[in-house]
Amino acid sequence: MLTIVTPSFSEFIYANKLRSTRDLLISSLRTAQQQALRRSIPVSLCPSTDGSTCKSSWSSVTGWLVYEDNNRSNTLNAGDEIIVTQEETGIRSITGVATV
């Protein structure tokens with residue numbers, strides 16, 4: 001009986017982690033949108049592993065940053081303000097359609 005219960009509990013934990021990561025990402029996107037409108041400056045979201053620099057690819061990264069792009073360079077620079085940091089979640093992929 002224990003072997004039957006364990007896989008379904010693991011799937012339950014993973015599903016909750018997936019939902020939580022999805023909700024965090026949607027929240028970060030909404031924050032980026034609100035801050036861009038409020039500040040009248042581009043606000044970007046990028047992949048990050050350390051909470052202070054952007055990576056060039058999402059392929060092995062599960063964390064992210066939302067930052068104010070003051071000089072409109074589409075890259076995180078010294079003068080840009082980091083608005084949101086999200087540590088790596090361990091979820092490698094979220095697929096689907098969402099309205100933000």
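These legends walk through several close-up views of one predicted model.

Residues are numbered from 1 along each chain as its sequence is written, and side-chain values use heavy atoms, with hydrogens and water left out. Because the model is predicted, local features need pLDDT of at least 70 and side-chain atom pairs count only at pLDDT 80 or more, while totals for chains, interfaces and linings use all residues.

**View 1. A three-stranded sheet, laid out in the order S1-S2-S3.**
Here we look at an open sheet of 3 strands with antiparallel pairing. Strands, like helices, are DSSP runs numbered from the N terminus (E, at least two residues, for strands; H or I, at least four, for helices). Strand S1 (43–48) and strand S3 (81–86) stand at the edges with a single partner strand each, so one side of each has no neighbour in the sheet. From one strand to the next, the twist averages 25°; axes for such angles are lines fitted to C-alpha atoms, for helices over the stretch in contact, and the angles run from 0 to 180 degrees between N-to-C directions. In general, strands of a sheet pair through backbone hydrogen bonds, either parallel or antiparallel.

**View 2. How the strands line up, partner by partner.**
Two strands count as paired if DSSP finds at least two bridges between them. S1 and S2 run antiparallel and are joined by 6 bridges, while 5 bridges join S2 (residues 63–68) to S3, again antiparallel. Look at Cys 46 and you'll find Leu 65 of S2 opposite. On the S3 side, Trp 64 has Gln 86 as its bridge partner, and Glu 68 stands opposite Glu 81.

**View 3. Strand S2, covered on both faces.**
For S2, 6 of the 6 residues are buried, so the strand is largely enclosed by the rest of the structure. "Buried" means under 20% relative accessible area, "exposed" means over 50%, and "partly exposed" is in between (1.4 Å probe, protein chains only). One side of S2 carries Gly 63, Leu 65 and Tyr 67, the other Trp 64, Val 66 and Glu 68, and all of them are buried. Glu 68 has a relative accessible area of 9%.

**View 4. Arg 39 and its two glutamate partners.**
A salt bridge here is a side-chain nitrogen of Lys or Arg within 4 Å of a carboxyl oxygen of Asp or Glu. Arg 39 forms one with Glu 68, where the closest N and O atoms are 2.4 Å apart. That pair links distant parts of the chain, since Glu 68 is in strand S2 and Arg 39 in helix H1, 29 residues apart. Arg 39 also forms a salt bridge with Glu 81, with the closest N and O atoms 3.0 Å apart. Glu 81 sits in strand S3 and Arg 39 in helix H1, so this pair ties together parts 42 residues apart in sequence. Glu 81 is partly exposed, at 39%. Put together, Arg 39, Glu 68 and Glu 81 are linked in a network of salt bridges.

**View 5. A salt bridge between Arg 22 and Asp 23.**
The count of salt bridges comes to 3, and this view shows one of them. The side chains of Arg 22 and Asp 23 meet at 3.0 Å, N to O. Both ends are partly exposed: Asp 23 at 41% relative accessibility, and Arg 22 at 37%.

**View 6. The disulfide of Cys 46 and Cys 54.**
The structure holds 1 disulfide, meaning a pair of cysteine sulfur atoms within 2.5 Å. Cys 46 is joined to Cys 54, S to S 1.9 Å. The link is left-handed, with -65° about the S-S bond. Cys 46 is buried at 7%, whereas Cys 54 is partly exposed at 29%.

**View 7. A nonpolar patch on the surface.**
Phe 9, Phe 12 and Ile 13 form this patch, with about 320 Å² of accessible area together. Areas come from the Shrake-Rupley method with a 1.4 Å probe, and for residues only the protein chains shown count as cover. Patches are made of residues with over 30% relative accessible area and no salt bridge, joining like charges within 9 Å and nonpolar side chains (Val, Leu, Ile, Met, Phe, Trp, Tyr) within 5 Å. Phe 9 lies in helix H1 (residues 2–39).
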